[in-house]
Amino acid sequence: MLSIPGEAFSFIKKHQKLPGKYQRILQNYSSYYNLLSQEDKDKFQARVHHFIYSKRFIPRGFSKVTDEMKVLISAAAIQLTFGLPQVYLAHFDKILIYPDTYYSTINKTYHVGEVNPRMGAIILSWKSFVDGYADPTDSYNVGIHELAHAIHFENRIRNSEFDFLDAESLYILGKIAAAEIPKLQKGEPHFFRSYAGTNEHEFFAVALEYFFERPVEFREALPLLYKTLTRLLNQDPAKRHKLS
């Protein structure tokens with residue numbers, strides 16, 4: 001279980017709402033946050049606040065992590081887990097941020113993001129993260145993609161957040177992935193981009209990109225999968241988009 005310094009916990013308890021400058025970052029850059037009711041905005045702020053103070057944000061290749069980086073990466077995590085109120089990705093206590101694509105000495109290739117359970121780290125290219133949110137409807141979002149991987153890992157790691165995803169929904173998701181991945185691998189016309197056919201983990205990560213960025217079209221194209229994800233994450237972005 002992730003331990004948070006006592007001072008940080010005291011600060012969180014006394015200041016459940018984000019500081020004003022952090023709230024303005026959400027208002028200016030988070031379309032997900034701006035579609036919430038005021039009550040849910042208050043809850044979202046408190047959870048973003050908790051996430052920020054439970055992680056170490058570590059710069060790689062530059063000197064200092066900015067407030068925008070902390071708030072928006074935390075908001076991306078809470079966006080995915082907002083229907084799962086006790087989930088803060090406790091195993092992943094480090095967020096490593098590169099300014100742009102970075103070279104991995106492990107697999108000898110360039111990355112825009114990855115999740116490393118052994119290190120307890122989520123690793124992101126800030127440029128790619130920002131590009132992912134620049135167009136909220138193109139279904140390309142590095143932040144959502146990598147955090148989806150983190151959720152998948154977190155669900156299987158034995159800690160305070162173990163086994164939080166609905167088992168029946170996971171089973172149905174596995175069946176759907178097994179049916180859809182071969183279609184993607186054969187190059188058949190599909191709602192998802194071809195990368196979703198890599199394996200079941202990438203299928204899930206790509207599915208969440210579409211789930212949050214093109215929910216209405218997703219619901220029409222793959223209704224059973226969409227319904228399964230609404231149960232798995234306990235939220236329905238299509239309804240929120242309809243109300244906006």
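A residue counts as partly exposed when its relative accessible area lies between the 20% under which it is buried and the 50% over which it is exposed. In this predicted model, Glu217 is therefore partly exposed, because its relative accessibility is 39%. Glu217 forms a salt bridge with Arg214, with the closest N and O atoms 3.0 Å apart.

Nine salt bridges are present in the structure. One of them joins the side chains of Glu168 and Arg231 at 3.4 Å, N to O. This pair links distant parts of the chain, with Glu168 in helix α8 (residues 167-185) and Arg231 in helix α11 (residues 223-233), 63 residues apart. Both partners are partly exposed, Glu168 with a relative accessible area of 47% and Arg231 with 40%. Through salt bridges that share partners, Asp166, Glu168 and Arg231 form one network. A further salt bridge, between the side chains of Glu209 and Arg193, spans 2.7 Å, N to O. Glu209 lies in helix α9 (residues 200-213), and Arg193 in the loop between α8 and α9. Both Glu209 and Arg193 are buried.

Thr137 is located in the loop between α6 (126-134) and α7 (142-156) and is partly exposed at 48% relative accessibility. Its side chain makes a polar contact of 2.9 Å with that of Asp135. Beyond its neighbours within four places in sequence, Thr137 contacts Glu213 and Arg214. The C-alpha atoms of Thr137 and Pro215 are 9.1 Å apart, although 78 residues separate the two along the chain.

Strands β1 (residues 56-59) and β2 (residues 94-98) pair in the parallel sense over four bridges. The chain passes from β1 to β2 through helix α5 (residues 67-81) in a left-handed β-α-β crossover.

Definitions and conventions: Residues numbered from 1 in each chain as written. Predicted model: local features only at pLDDT ≥ 70, side-chain atom pairs only at ≥ 80, totals over all residues. Heavy atoms only, no water. Pairing = 2+ DSSP bridges. Helix = DSSP H or I, 4+ residues; strand = E, 2+ residues; numbered from the N terminus. Right-handed = clockwise from strand over helix to strand, strands pointing away. Buried < 20%, exposed > 50% of the residue type's maximum accessible area, 1.4 Å probe, protein only. Contact = heavy atoms within 4.5 Å. Polar contact = N/O pair within 3.5 Å; in protein donor to acceptor, adjacent residues only side chain to side chain. Salt bridge = Lys/Arg side-chain N within 4 Å of Asp/Glu carboxyl O.
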